[in-house]
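Open the viewer, have the selection tool ready, and let's take a short walk together. Each stop tells you what to pick and what you will find there.

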Amino acid sequence: MNKINTVLILLFICFSSFAQEVDEKEKQKSLQSSTNLTWDANKALSEDDFIAAEVDYRKAISKSSDNSAAPYNLGNAYYENETYNEAFGRFKEAGEASTSKADKHKAYHNMGNVFMKRKDYAKAVEAYKEALRNDPTDEETRYNLALAKELLKKEQDENKQDQDDKDKDKDQDENKDEDKKDEGDNEDKKDQGEDGDKGDEGDKDEEKKDDNKDGEGDKSDQKKKPEQGDGDNEQEQQQPRPNQLSKQQVENLLRAMQNAEKKVQDKIDAKKVKGAKIKTEKDW
């Protein structure tokens, strides 16, 4: 029984090794085919035949996932044609497929370039950092990283300034709304005051109307008085009113004034006589 198990185990190991060997050979064969297609694509691209190059690159990528050169070169072709979204996808694919740090460095460096074209400086900074982790000696990547950081800071400062300006404008608008509200309240108060004044004037008018009615009542009473007889009227005429001279007093006052005026005139006449020039010459 033990011998049978041992034989089965040996057969299984041999079969697994054989399967792995076959699989490895298939991978190598696919990789070689992918590499050949990549060369063809490179040749077509050098001849400015972008369509043929793109077809061969895609075939090469589909043949083997281990061929990082095919997606990398296709990414460069897209980048040159300013098709940055497609370029980014291929550079990312190349970075994941790469087994060497040098290839990873180039893939992430170019991913950073795509982000710079998109003006996505934050992601560009991260891509360049990843590139430098795989090759810290590349000065070009280091320069691009410094530039991306500078542009990112400038962008952040501008965004902060824009936000501050928006907040300032918002505060000003709120203050204007408050001022308008206060003006509206003042107008309402003013209207209420005017209505109150009008109400007072109305009350005064009503009082005047009442007074006039009272006055008319008095006049009506006065109109009724003559019906009482002429004797009453004569008595009223003879009877002096307060602060008013009677007829007799007026006559006495006139008489006194006439006498005073006569005395004054007599004095004036006397002065005229006394002041007359005496003639000393004879008349001719």
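Start by selecting V250, L253, L254 and M257: together they make up a nonpolar surface patch with about 360 Å² of accessible area. Keep in mind as you look around that this is a predicted model. L254 has a relative accessible area of 46%, so it counts as partly exposed, since the exposed class begins over 50%.

Next, turn to the aromatic rings; the structure has 4 aromatic pairs. Pick F50 and Y78 to see an edge-to-face pair, 6.1 Å centre to centre with 65° between the planes. This pair connects distant parts of the chain, with F50 in helix α2 (residues 50–63) and Y78 in helix α3 (residues 69–80), 28 residues apart.

Then select Y79 and Y84, an edge-to-face pair with 5.5 Å between centres and 70° between the planes. Y79 is partly exposed, at a relative accessible area of 21%.

Show K106 with Y72: the charged end of K106 sits over the Y72 ring, 5.5 Å from its centre. Then show R118 with F88, where R118 lies over the ring face at 5.2 Å from the ring centre.

For the last stop, select K101 in helix α5 (residues 101–118). K101 is exposed, with 55% relative accessible area.

Definitions and conventions. Residues numbered from 1 in each chain as written. Predicted model: local features only at pLDDT ≥ 70, side-chain atom pairs only at ≥ 80, totals over all residues. Heavy atoms only, no water. Helix = DSSP H or I, 4+ residues; strand = E, 2+ residues; numbered from the N terminus. Buried < 20%, exposed > 50% of the residue type's maximum accessible area, 1.4 Å probe, protein only. Patch = residues over 30% accessible without salt bridge, like charges linked within 9 Å, V, L, I, M, F, W, Y side chains within 5 Å. Areas by Shrake-Rupley, 256 points an atom, 1.4 Å probe, with all protein chains shown as cover. Salt bridge = Lys/Arg side-chain N within 4 Å of Asp/Glu carboxyl O. Phe/Tyr/Trp six-rings, centres within 6.5 Å; stacked < 30°, edge-to-face > 60°. Lys NZ or Arg CZ within 6 Å of the ring centre and 35° of its normal.
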